[in-house]
Every structure is written in structure tokens, then in C-alpha cells.
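Hi everyone, thanks for coming. Please bring up the structure on your screens, and I'll walk you through a few spots in it.

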Amino acid sequence: MSDPARKFHLSLNVSDLNRSVAFYGVLFGLEPAKHHADYAKFEVESPPTVFSLIPGRAGGGGSLNHVGLCLLDSEELVAIQMRLEQAGHKTLREDGVACCYSRQTKFWVRDPDGVLLELYIFHEDLDDDGDHHSPEGELPTLMGGEAEAATPAVTWTHRLGEALTLPLAQDAFSVQEVVLEGTLNATGIDLSALLREALRILKPGGTISLHGLVADRPLVDSRPALPGPAAAVQHVPDFPGIVPLLVCVGFRNARFTKLSEKGYFEAEGVPLREVLISAVKPGFRSAKKDQTVVYLGPQNAVEDDFGNRFVKGSPVALNMHDWQALKNTAASSFALLQPLVETPNLPTNSMSTKARYIMIGGFLGAGKTTTVGRLAKYLSDQGLRVGLITNDQAGGLVDTKLLRGQGYATEEIAGGCFCCRFNTLVDAASKLANEAKPDVFIAEPVGSCTDLVATVTYPLRRMYGDAFTVAPLSVLVDPIRARRVFGLDQGGTFSAKVAYIFKKQLEEADIIVISKSDLIEDTQREELRAVLATEFPLAKIVTASPRQETGLDELFASLMTDEQARRNPMAVDYEVYADGEALLGWLNATVTLQADDEFDANAFLKQLALIVQASLQRDGAEIAHFKMTFSPDDGIAGELASINLVRSDYVAELGMELDEPTTGGQLIVNLRAEADPASLMEAVKDGLAEATLNFFGLKATLDHEEHFRPGKPTPTHRDGEVVVETKGGCKPGSGCC
């Protein structure tokens, strides 16, 4: 085998693949290294080049599809990407993707003239072409190229007393430094909104500094009368709240550069001090932690600029960005830096440390995805690596888009629930184990699925007990939906067979979480708790509000410390279960939105949701969950707008919003309701046609759609001693177990 070498990669669009293969075979004097119906590749030794041909893919770049460069290792890949990001160039990272009949880790970037560049590492050959993703519209032409790096750093400054208009006039990624001189002490300024604007206009790696007068703790009257020049101070904030605000907005490495030892003034007995705070806009940081650092001392524990905590003598997994930043500082002399040891595939049962498997269930619209995101952040903040697994009856999940947008390694299992796709679940966990090395797996099952203990967690413990510690099964319940199902309130609800699934999910739960507890009064909450405690006496009941991040500590503590109790699985009538699922209509769609001029995507999502909701209400359909995400073509990676509707008589809520208008992007629609699937598709199509009329020059193109009723669940395994009460359903030992 020859030594690895850097190779340029040229990819051409061709009208006739076989004709072009014959031509270039003569030109190079060799046979293609790969030749498929939709792809061919030549490995040219001199000059060292990977030369590929792609049929029928002509685009705006003409014959040139893209230019690639194969690198030797991930360290070099990340170093180049960091340089580009810090210079203000947008990149798009893809980890372990299947492309061109091989598995690669890569990033895409455009040069100042719009030429698409691909820098990648080759992992292995594959029999599958993959999705052949080429981000034609996902990366705008870059801003300034090398000439930009040579220009002086741009600083934007605001001072106390100066007028301020939001949003700021500066372009995104146009400023190297933002200085807020006394802005903390002005009134009439939304500091949180201003910080978000500062983050937008700063280049990756750019800094923000805030200089002003602060109090040791909140003042009753935040507008004290101060003498002399300090009389210009209109407002004095408390400094303990400023750094968390910076972090919440998205800045990193926030620190007090100056905090006067003595107060310059005093108000209400509280010292008022001069403060100078700085923070950094993060550059590219991969979620994949494939490097290890062992801190050698002298202190017992230290923390780096990115929030990684190192305890003396304990290995810590880092992503390549943080690892390289540490390597290039004097701190590297106090640590061992080495690649993370590869984790074997899960089925070998040879993991040295058991990973924790957490499954968070609940009916459609119960708040599972929000809770999974909160738990993932909670664990990541403690230095734990997290892998997420989403699940649906069809592909193209909003949930997957949202969680990946938050930076978490996420695998999606489509085409059936975990119980029916158990082997695929294990394969997804194995893939995450090899690529993201998670300490904790968090799985979110289909919202219409039940009997998870017998068909998922018990088989998982039996077959892969050496690899996993299984946490208690937690099931979330929307309190308004639950009060209607249990007859405590009037309002739109489901038919008896759909409600059967709803109640069975709660029956098998180790922990029932009254989610969205902020939506009901205390007396209503306690009334619901009493009903749940009576109906399901074996379950622990907790209340929480994932949106407001309240009441989650008790839940997360149980999920991370307790193990699932061993008890006989519940009895399930699989005929009723199947009938209940079949009453639910399922719709997944992907839509391209393109406008002649910029439009407000947040407003479009609201209008579309309202139109579809009204249409389904007229048809008497009960919405179980209606959610959409929009990813702008001209946005940075992970930037999304999202909207969520969990009942027919509820109000659609924006979860994530875009800060700026856009000219187009991709819309993902997931709609589940007790209705005919064809009527759901008709409502969405009519909604798109009507909503686009309200936005000048906006066009909606339906790229992909699936609408159907789920089939009868057929579990791969079912563990337990109880014979299931069925009318012909799955029984232990009947052949389906």
C-alpha cells in the first residue's frame, strides 16, 4: 500500500457518464477506480488527483461541480476550518457522511467567486453512494477572501448617551470587535437584544467588551442619583447577572477583565463598582469529541476558555477545536494530549464502561424533544458526551433537525417504532458509539408507541447488559390533554382507541412527568396528580416545565442515578393498539421556499400554521402534533425557525426565530392528527398556496411528501412472563419474540 498523500479532487458534471469514462480512460491511460451507474472516479498518480464524474448534475457553475482536497488527518482538517471561520468565512461541516461510495468527514466552503470547495478525510469504501450532498444553496459566496484578512480590524462602538436603533445596520460577520462603553448604564435599551445583534455582526473569534458601573446585588431603585459626571448614569445593573446573559446569548469565555476592589459610589448600602467584561464569539467547534486530555497538575482542577473542566489525573474528551487550542498554549506542558481510544461496536459487549440508556416517551405533543434538548445540555455542561436517537414512522423529522441544530450527535430511525426496529436501534447506538463516543444515549420514541418496556428496554438489558445501564422509563404528559382524556375538563380529545395508547404509555412508566406544568393552575395540577397517582400507583410522578426549565432537576437526577425496576410488563391488546395507531394520520413533507425579495420566515410559519389549523378544525380533525422548521439558505449552520402546535384549539408557538429576513430555504413539515392522511396533505398544500400569496414573489415547491396511517406494530422481541391479553396479537414465545 502506498503512503497516504494530499490529493486535489476535481468533480465534473457530464452529460453521458459512459462516454466520459471512455474519454478520460484514454486521456489518463488507466481504468476508473470506481464506475457505477451514477458515479465514476479515476485515481491519477501524476499529478496526484482524484478525478470524479457525475452525470446529469449541471448547475450554476457549469461543468465544474466542485473542487476537493483530500487531507491526511482530522487535525489538519479542523485547523484549516478554524482559520477560515476566524477570517469570517462560512463553512458547513459533515461528520462521517456516506458520499461517492465512501464514508468521509468533510467541510464545504466557497471561494470569493462562488466556487464550491470540499476539504475531506477518507474513512472507508462503501457499496452505497450515499446522498451525494453538495450544498449548492447552503453556503453563500464568501465575504472578501484573502483580501479581507489583510484589512484593518473593524470595531463598532456605542457610548452612554448615544442613540441606538435595533437591529444594527452592520452586516453579519463584518466586525472584529464590539465595544459597549457605558451602555450598561443607559435606559430604554434592551441589552439582551443588543447582545444578540452584537453576536450577529461579529466575525467568529471576534470579541465584545462592556464597560460601566454595576452594583453588587440588585437595587430596589436601579436609577440612583449620583454626583458629578456620574449623574449621566441612568441605570445600574447587578453584575452577577451580566455574564450569564452573555453566555445565554451565545458568547463564550466571558470574564471580568476589571472589577474595582472598592465601590466608587454607594446606593441603598450597596457598593457600585467599575467593571470591564469581555467575551468571545465562538468559531467552529465540532460536537464530536475524539481527542483526550489528561491534566497533570499542579492544581486539583482547572477550566479552559471553552468551559472544559479538567480534574487532575482524569481523562477528559475534547473536540478537535478545543484540543488544538490547548495544544498551542503553554498549558499543554501540564497535560497529556492524545487521540481518544476507539470504542468497539456495541454488540461485542466489550465496552469498558457502560453507557447509560435513557428513553423519554410520551404521546405526540407532550414536549419530548424540548426535554431531550434540555437533558442533553444539562449532561454536556457536566462534561458528559451525549448521543441522541430520534424515531418516527417516516423520514424527515423536525425533531432531528432541531436537535442537530443544537449541535448534538443525532441518529434518526424512520419507518417504524423502536419496538419494530430494535436491530436498527442497536445499529444507531453502535454508530454513535464509534463516532461521538457518548457516555449517555437519549432515545425519543414515536409519540404513538407503547409497550416499550417489554419490547425495547428489557431486550436491551438481556442482550446488551454489558454495554448499557438502563434508566427508568420516563413518560411525559401534556396536562391539558391529560385532563381531557381523564374527564377532568371538556375540550377536543381523541377517540377511545387512540386514548387507549395514551393511557398505556402512562401505565408502563416508571416516572410520569406532568410536562408544561406552567399551563395550568396549582389546583388543576394537584387534581391531575391525584388522578394519575390513583390510576398508575407504581409510577413516580413529578411536575416540570421544560420550556421554562423548571422542575427538571428531580427528573434528571432520577434518570442519571436510578435503574429501571424489573417488573412484569403490562398487558396490551395489540388489536386495539393497532386500530388506535391506524386512526392517526401521518404527514411528513419537505418544501423549498424561494422569494424574489426578502421575506419574514417567522411570520410565514405563523400564517401557514394558522391556515392549516383552521382547515383541520373545519373538518373536525383533532391535531396531535403539528410542527415545522425553516432553515434559511443564507443563514449560518444550525440557524432555524420553528413552530409548534399540540392541539386543534391551541395557539401555534414559535420555538426558535430567525433574526433577519431571508430569500429562501427549506421547510420541513410534520403533522399528526386523528384524520384521513390525504386530508392532511390537502390542508398543507392549500395552506402553502394561500400563505405564499401574502408574501411578494414567494414560491413554494413541494420536494417530498409522505402521508399514511401507521401499520400494525410487530415487535422484534418481547420479554416478560405475563401472557399478553390480545385478540390475535403478539404473545411471548409465539414466534415474533
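Let's begin with E598, which is partly exposed because its relative accessibility is 48%. In these terms, buried means under 20% relative accessible area, exposed means over 50%, and partly exposed is in between, with a 1.4 Å probe and protein chains only.

A word on the source: this is a predicted model, where local features need pLDDT of at least 70, side-chain atom pairs count only at pLDDT 80 or more, and totals for chains, interfaces and linings use all residues. Residues are numbered from 1 along each chain as its sequence is written, and side-chain values use heavy atoms, leaving out hydrogens and water.

E598 sits in strand 28, residues 585-599; strands are DSSP runs of E with at least two residues, and helices are runs of H or I with at least four, numbered from the N terminus.

Now the cysteines. How many disulfides are there? The count is 0, where a disulfide is a pair of cysteine sulfur atoms within 2.5 Å. The closest cysteine sulfur to that of C420 is in C417, and at 3.6 Å that is too far for a bond. C420 is partly exposed at 27% relative accessibility, whereas C419 is buried at 0%.

Next, some backbone geometry. L166 and P167 are joined by a cis peptide bond, with omega about 0°. P167 is in the loop between strand 9 (155-159) and strand 10 (175-181).

Finally, look at E268: its phi is positive, about 55°, although E268 is not a glycine. E268 lies in the loop between strand 13 (265-267) and strand 14 (270-280).
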